[in-house]
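Q: Hi! Could you walk me through this model?
A: Happy to, let's look at it together.
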Amino acid sequence: MRKQKVSSAVIRRLPRYYRHLNDLFQAGTVRISSNALGSSMGLTASQIRQDLSCFGEFGQQGYGYNVEKLRGEISDILGMNRSHTAVILGAGNLGRALIENFHFEKNGFQLTAAFDVHPDIVGSTIGGVTIRHTDTLEAYLAEHPTSVGVLTVPGRVANGLAERLVAAGVKGIWNFTNIELSLADGDNVIIEDVHFADSLLALSYMISDADDARE
């Protein structure tokens, strides 16, 4: 049970904790101290204890954390055991790459369908996922309630498709379109924007800043 409202910064660190603990578990590590965990992640032990305290009490004094148990606890916190479902809107280059290469199931999601309007794509199967026509979106969602819609469509049609997803009861949108969505019923959906350029430009700044410091 959460003790307090959890900050966005803590939420953003949770997947990193899970990924790191999973690596430790796969490597056969049974337990780890907060100091060792922090050192391997570039965080302080205090930060780790503070983050985890938002969700309960973990670890034992003098023992540290049981890696498998803590991994499971964080998996539960992230909702990875809730059988989330997802559909992709846009089966072009980016959509196809996600279908073929992104492991939805390892992150607690089942990718059930993808949608497009291009006649050369509709009706085909990519990575075991059937590509349906976007005109059938509402009918499909009515029969298959879906947690998340993944937007990999051109920006000019993104907002309209997002509105359709929300109206059909989709709870979250993973938005790769590089536009900020503006939805009439936006309070009823969680939007996670992915801007590749933002990450690259942040890297550009840090490289430039490091170069300036050396001059």
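A: One term before we start: a helix here is a DSSP run of H or I with at least four residues, numbered from the N terminus. Leucine 200, for instance, sits in helix H8, which covers residues 196-214. And keep in mind that this is a predicted model.

Q: Thanks! Is leucine 200 buried or exposed?
A: Leucine 200 is exposed, because its relative accessibility is 57%, and the cut-off for exposed is over 50%.

Q: Which nonpolar surface patch does Leu200 belong to?
A: The patch is formed by Leu200, Leu203, Tyr205, Met206 and Ile207. Together they have about 550 Å² of accessible area.

Q: Let's zoom out. What does the domain assignment give?
A: Domain 1 spans 8-77 and domain 2 spans 84-197. Their centres, taken over C-alpha atoms, are 32 Å apart.

Q: Where does UniProt place the "DNA-binding region"?
A: The UniProt record, an unreviewed entry, puts that feature at residues 16-55. In the model this span is 70% helix and 5% strand, and its end C-alpha atoms lie 16 Å apart.

Q: Now salt bridges. How many are there?
A: The count comes to 4 salt bridges. One of them joins aspartate 51 and arginine 13, with the closest N and O atoms 2.7 Å apart. Aspartate 51 is in helix H3 (residues 45-53) and arginine 13 is in helix H1 (residues 8-26), so this pair ties together parts 38 residues apart in sequence.

Q: And is aspartate 51 buried or exposed?
A: Aspartate 51 is buried, with a relative accessible area of 1%.

Q: What does arginine 164 pair with?
A: Arginine 164 forms a salt bridge with glutamate 138, and the closest N and O atoms are 2.7 Å apart. Helix H7 (residues 155-167) holds arginine 164 and helix H6 (residues 137-143) holds glutamate 138, so parts 26 residues apart in sequence are tied together. Arginine 164 is partly exposed at 26% relative accessible area, and glutamate 138 is partly exposed at 34%.

Q: What about glutamate 100 and arginine 96, how are they placed in helix H5?
A: They are 4 residues apart in helix H5 (residues 93-101), which means about one helical turn separates them. Glutamate 100 is partly exposed at 45%, and arginine 96 is partly exposed at 35%.

Q: Switching to strands: in what order do they run in the sheet?
A: It's an open sheet of 7 strands, ordered S5-S6-S4-S3-S7-S8-S9, with mixed pairing. Strand S5 (125-126) and strand S9 (190-193) are the edge strands, each pairing on one side only.

Q: How do S3 and S7 run, parallel or antiparallel?
A: Strand S3 (residues 84-89) and strand S7 (residues 148-151) run parallel, joined by 4 bridges. Leucine 89 has leucine 151 in S7 as its bridge partner.

Q: Last topic, backbone angles. What is phi at serine 83?
A: Phi of serine 83 is near 55 degrees, a positive value in a residue other than glycine. Most residues other than glycine have a negative phi. Serine 83 is in the loop between helix H4 (67-77) and S3, and it is exposed at 61% relative accessibility.

Q: And where does asparagine 178 lie?
A: Asparagine 178 is in the loop between strand S8 (172-175) and S9. Its phi is positive too, about 65 degrees, although it is not a glycine. At 46% relative accessibility, asparagine 178 counts as partly exposed.

Technical notes. Residues numbered from 1 in each chain as written. Predicted model: local features only at pLDDT ≥ 70, side-chain atom pairs only at ≥ 80, totals over all residues. Heavy atoms only, no water. Domains from an automatic or database assignment. Patch = residues over 30% accessible without salt bridge, like charges linked within 9 Å, V, L, I, M, F, W, Y side chains within 5 Å. Areas by Shrake-Rupley, 256 points an atom, 1.4 Å probe, with all protein chains shown as cover. Salt bridge = Lys/Arg side-chain N within 4 Å of Asp/Glu carboxyl O. Helix = DSSP H or I, 4+ residues; strand = E, 2+ residues; numbered from the N terminus. Buried < 20%, exposed > 50% of the residue type's maximum accessible area, 1.4 Å probe, protein only. Pairing = 2+ DSSP bridges. UniProt positions renumbered as here; feature names shortened; annotations may be inferred.
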